[in-house]
Amino acid sequence: MNINRHRTNASHFKGQTFIFVLMAAATTKLGRALQQRRTFVNARVKWVCDHYLDEVVQREKNLKQVLSLKDRIVSSPSKSLPLSSLSLLKPLVNLHITAAVFLQKYPSLFTTFQPAPSHPLHVRLTPQALSLHKEEEMIHLSPPHRNATVQRLAKFLMLTGAGSLPLNVVDRFRFDLGLPHDYITSLIGDYPDYFEVTEIRDRLTGEQTLALAVSSRWSSLAVSEMERREAIVDGFRVKKGLPIRYSMNFPKGYELDKRVKEWVEQWQNLPYISPYENAFHLGSSSDQAEKWAVAVLHELLCILVSKKTETDNVLCLGEYLGFGIRFKKALVHHPGIFYMSHKIRTQTVVLREAYHKVFLIERHPLMGMRPRYLYLMSKSGKVKKRDYVHGIERSNQKKRAIKACEDGEIYAHSSR
C-alpha cells in the first residue's frame, strides 16, 4: 500500500515537473519573442525648441576653445607662446577664425607682449585668467576629485565591451568628462590598477592606434545611475529584468502624438538592462534593444560633468560601441529624455533631467568654474581694444606685427 502511494506521488511529481518545464519553455519563447518585437508606431516625433536648454548651450559659445588655448599656453615652460605658432593650433582647437584674431576677442583673458625688442610677439594669460586657472588646477589636484575623476573615466571605458577606446575618441570627451588637459601624464600614470595605455586595431579604420583601457572591470563601478537611484528608493539593489522608468520632461506646451504616447508608456514598462551588460543578442530593431541603447546613452550623459556633449561625439562613440545608427534613432524617439540643441554651429545632446531651466541640478566643482571664465569672456567685449607691449599702446605698427604673425612670419617690433 505504501509502495503504491509512493508510486502515485512520484507520477504526480513527474507530471508537475513536466508542466513546469512546458511553462518555462513557453516563457522563454515569449521572452525571446518580446526581445525581437518592434512596435514603434509610424508617427513623427516632433522636435520643439527648448529655450532654457538652448541657453545652456549658447552661453558656452567659444568656452571650449578658450580653455583649450589657455591650457596650451600654460603648458609651455614660459607660460607663453609665440603668436606666430598659434596658426598651427587652429584645427586642433576647432577655431573658425585664425587663433590670433580669436585671442584678440578676449583681452580679459589673453594679452600679447614682446619678451625682448628683437623677439616676436608672444601671448600669455592675463592675471585674472591665470588666477582662475590656478583655482581650477587645485580642483584637479585634490585627492577626492582625482579619485572621482578616475572612477568616472573607468565607468566611461566600461561602457565598451572591450573596456578600451582609441585615445582620439577619449579626447573628444575630455572637456565634458572634466579631465585635466594633460590627463595621460598627470592622472593615468598614477593609477596603474585602473588604466593602461595599449595599442589596438581601430575597428573603423583598421589601423593600429594607441588606446586607453581599464586594467580590469570593477563590479562596484558597473552600477548605472538609474540602478543607484532605484536602490536608494527601494533600499536594495535592483534585480535584473525588472522595469525602471525614465524621467520624461518636455517644454511647456509640448504634446506627444497619442500613438507615440501609448508606445512610450508600453516601452517604459520593458525590463531595464544595465548599460554595463552586453545585450547585443537582442534584435537590433526591437523595442527592448532600444531601451538598452537609451540606457547606455543615459549613463554616458550622467557620467559627464556637463550632462551634455556634441551629437557628433555620441555618434562617434556609438560606432565604436557597435550601435551604428541606433544611438541616433534613440535620441530622436525620446525627446522627453534627451534634448537636441542646434546652437553654436553644432548639435548638442542635453540630458533633460539634469537641468532645472538653465541650472544644473547637481553641479560639479569644475562646472562652478566655467561661469567665471564666461564672465571674463563677457567682460572682454567692454574692454577697450588696446594692448600694451612694454607700455606701448596698440598702433598700426603692432597691427602689422600681429598680421605678420598670423601669416607665419616673424616681425621685429622696434622699441621706443
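Thr 309 has its bridge partner in strand β9: Val 349. That pairing belongs to a predicted model, where local features need pLDDT of at least 70, side-chain atom pairs count only at pLDDT 80 or more, and totals for chains, interfaces and linings use all residues. Residues are numbered from 1 along each chain as its sequence is written, and side-chain values use heavy atoms, with hydrogens and water left out.

β7 and β9 (residues 348-351) run antiparallel to each other and are joined by three bridges; two strands count as paired if DSSP finds at least two bridges between them.

Now bring in a helix. Contact means heavy atoms within 4.5 Å.

Next stop, the surface. Ile 184, Val 197 and Leu 210 make a nonpolar patch of about 230 Å². Patch residues have over 30% relative accessible area and no salt bridge, with nonpolar side chains (Val, Leu, Ile, Met, Phe, Trp, Tyr) joined within 5 Å and like charges within 9 Å; a salt bridge puts a side-chain nitrogen of Lys or Arg within 4 Å of a carboxyl oxygen of Asp or Glu. Leu 210 sits in strand β6 (residues 208-214) and is partly exposed, at 48% relative accessible area. Partly exposed falls between buried (under 20%) and exposed (over 50%), using a 1.4 Å probe and protein chains only.

Asp 171, in helix α7 (residues 167-172), is also partly exposed, at 40%. Its C-alpha atom is 9.8 Å from that of Tyr 183, 12 residues away along the chain.

Finally, zoom out. The chain has 16 helices and 13 strands, taken as DSSP runs (helices H or I, at least four residues; strands E, at least two) numbered from the N terminus. Of its 416 residues, 47% count as buried. Among contacts with a separation of 6 or more, 69% come from residues 24 or more positions apart.

How values were computed: Accessible areas come from the Shrake-Rupley method with a 1.4 Å probe; for residues, only the protein chains shown count as cover.
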